Amino acid sequence: MIAHTAIHRPRPVLTGMLAFSLMPACFLMPQAGAQSTPPPALDGSWKKQPLIDLFWAEGATAFDVNQDGHVDVIYGPYWFAGPDYRQRTLIYPDATRTKAKLEDGSEVEIEGFHGAKSVTNGYSDNFLNAAHDINGDGWTDYIVMGFPGKETLWYENPKNAAGLWKKHVAHDVTDSESPMFTDIDGDGRPDLLCMSGGHLGYATWDPKNPEAQWTWHQISPRLAFQRFTHGIGHGDVNGDGRTDILEATGWWEQPAVLDGKGPWKKHDADFGKGGAQMYATDVNGDGRADVITSLQAHGYGLAWHEQTADGGWKRHLITGTPESPGQTGIIFSQPHAIELADMNGDGLTDIVTGKRFWAHGKGGDPEPNAPAVLWWFELKRGGDGLASYVPHLIDNDCGVGTQFAVTDLNADGRPDVVVGNKKGAFALVRAGQ
């Protein structure tokens, strides 16, 4: 258990030396009746610090909130002050209380929403997070993408003043379970990439009037996109220098001129049944953008889709499904959040992902109670356009939510990971030098 004290005061937390090991060539096979690969033993190369064991959000982010030179962790209604993360401060009200049902059928009131502390399934009103200085005052603000179909909000950094952060509505209907905050139109400012009202598109904010609601730009006709649609992403697919938009059934080509006239051109492709965040990036070094995605957010499989010379796509399975072990032989369910980062400083872009913990509760989805793993997959390039991934286990008991952050928390030059989900929030940093 994590001890809780009053907000604004230093509070004890547990720290654990959690190791990560490279999956050996002869990894353990799944036990009978299970599909997931049992994770190997942790090797001490990472350190996990639990920050809170209450469910407030399915994501987390990190930035220097108070400009003291230390990176802070933001999860749900709190920010945790770096470098030790023992003091938490309120951003928005944390009045939600839930009657949690226990294994013996009894109930107890808990702070936050139904999560690991309750056998009853539940959801939070904070699904994904991002960070950016929206109003240009030199202080980083906190962006919250709420429950699918609800608002995206941004909370204005109070610049070390006491009290709650001022709330602004950015976009009133944010559909998709994996909206992203990234520059689509090439103006140097990140945009809200999502679906809304059956359309695929993005929302932009006006730096001259940052408190106004953001402007919606739809790039598709009205289709079957809805609040729980899985799979959305971005990248320059065709190498024309413009950012295209990805979804499970294809990619949408950004036109040379963004005049708002008519939908973007769609190129059909099979990128799976609907994953999480999707990325167009050159995996094998052949100069063409490939697509990285999970195949099914509530199923199995992480893959990269190689773009062939004729504009087609060839799927390479990285983590497996019940039907195929994939290139690494590792299998886990619910790969519902993906980030890309150069994890080892070799100049190549690696993949970080894991198992979403209890997406639909203790009894929902395939293998909800299998180990909540978090992995990074090291990209290796061979000759003649070949590429493969080497798996490295980060943790076997935190998993992911619908979004997490990869950033250097302790200024040692190495990427660390911040997770928020139904287990609470965790800071995972590299151990040693």
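Modeller: First, a definition: helices (H or I, at least four residues) and strands (E, at least two) are DSSP runs, numbered from the N terminus. This is a predicted model, where local features need pLDDT of at least 70, side-chain atom pairs count only at pLDDT 80 or more, and totals for chains, interfaces and linings use all residues. Residues are numbered from 1 along each chain as its sequence is written, and side-chain values use heavy atoms, with hydrogens and water left out.

Biologist: How many helices and strands does the chain have?

Modeller: Both counts follow the DSSP runs. The chain has zero helices; its strands number 30.

Biologist: What radius of gyration does the chain have, against that of a compact globule?

Modeller: The radius is taken over C-alpha atoms, and the globule rule is 2.2 Å times the number of residues to the power 0.38. For 433 residues, that rule puts a compact globule near 22 Å. The chain agrees with it, at 21 Å.

Biologist: Which residue is the bridge partner of isoleucine 351?

Modeller: Strand 25 (residues 350–354) pairs with strand 26 (residues 374–381) over four bridges, in the antiparallel sense. The partner lies in strand 26: phenylalanine 377.

Biologist: Is histidine 392 buried or exposed?

Modeller: Buried means under 20% relative accessible area, exposed over 50%, partly exposed in between (1.4 Å probe, protein chains only). Histidine 392 sits in strand 27. Its relative accessibility is 18%, so histidine 392 counts as buried.

Biologist: Which side chain does histidine 392 join in a polar contact?

Modeller: A polar contact is a pair of N or O atoms within 3.5 Å; within protein, one must be able to donate a hydrogen and the other to accept it, and residues adjacent in sequence count only if both atoms are side-chain atoms. Here the distance is 2.7 Å, and the partner is glutamate 378.

Biologist: Which residues of strand 17 are buried on each face?

Modeller: In a regular strand the side chains alternate between the two faces of the sheet. Strand 17 (residues 244–247) is covered on both faces. One side has Asp244 and Leu246; the other has Ile245 and Glu247.

Notes
Two strands pair if DSSP finds at least two bridges between them.
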